[in-house]
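Hi everyone, thanks for coming. Please take a look at the sequence and the structure on the screen, and then I'll walk you through them.

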Amino acid sequence: MAWLEEELSTHVPVDDASFPVKGRLEYSRDRLQQTAANEVVYGYWSRAGQYVSRQLFPCDGSNCPA
C-alpha cells in the first residue's frame, strides 16, 4: 500500500477532487483483502498530462512472480 500511495501522490490523478488518493487507497486495501483472486487496476490521466497505469494483486507465496 505504501508503494501505491507514493505512486498516486507522485502522479496525482486529474480527478483527485472527486476520488481522492485517500479514498483510492482505502478502496484498494479493502479490495485486496477480499480474496486472493482480487486485484486492483488503475489507469488514469495525471494532472501532469501523463497516462498512468498501475496494477496490484495479492501474493500469498504460491502465485508470486519470480
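When I say contact, or that residues touch, I mean heavy atoms within 4.5 Å. Leucine 32 touches Met1, Asn38, Glu39, Val40, Leu56, Phe57 and Pro58, leaving aside residues up to four places away in sequence.

A quick note on the source: this is a predicted model, where local features need pLDDT of at least 70 and side-chain atom pairs count only at pLDDT 80 or more, while totals for chains, interfaces and linings use all residues. Residues are numbered from 1 along each chain as its sequence is written, and side-chain values use heavy atoms, with hydrogens and water left out.

Now the layout. The protein chain has two helices and two strands, in the order α-α-β-β along the sequence. These are DSSP runs numbered from the N terminus: helices are H or I with at least four residues, strands are E with at least two.

How do H1 and H2 pack? Helix H1 (residues 2–10) and helix H2 (residues 21–34) pack at about 150 degrees, with axes 10 Å apart; axes are lines fitted to C-alpha atoms over the stretch in contact, and angles run from 0 to 180 degrees between N-to-C directions. H1 and H2 are therefore roughly antiparallel, a label for angles over 145 degrees. On the H1 side the contact is made by Leu4, Glu5, Leu8 and Ser9, and on the H2 side by Val21, Arg24, Leu25 and Ser28.

Finally, 29% of the 66 residues of the protein chain count as buried, meaning under 20% relative accessible area with a 1.4 Å probe, protein chains only. Thanks, everyone!

Technical notes:
Angles under 35 degrees count as roughly parallel, over 145 as roughly antiparallel, 65 to 115 as roughly perpendicular and the rest as oblique. Buried means under 20% relative accessible area, exposed over 50%, partly exposed in between (1.4 Å probe, protein chains only).
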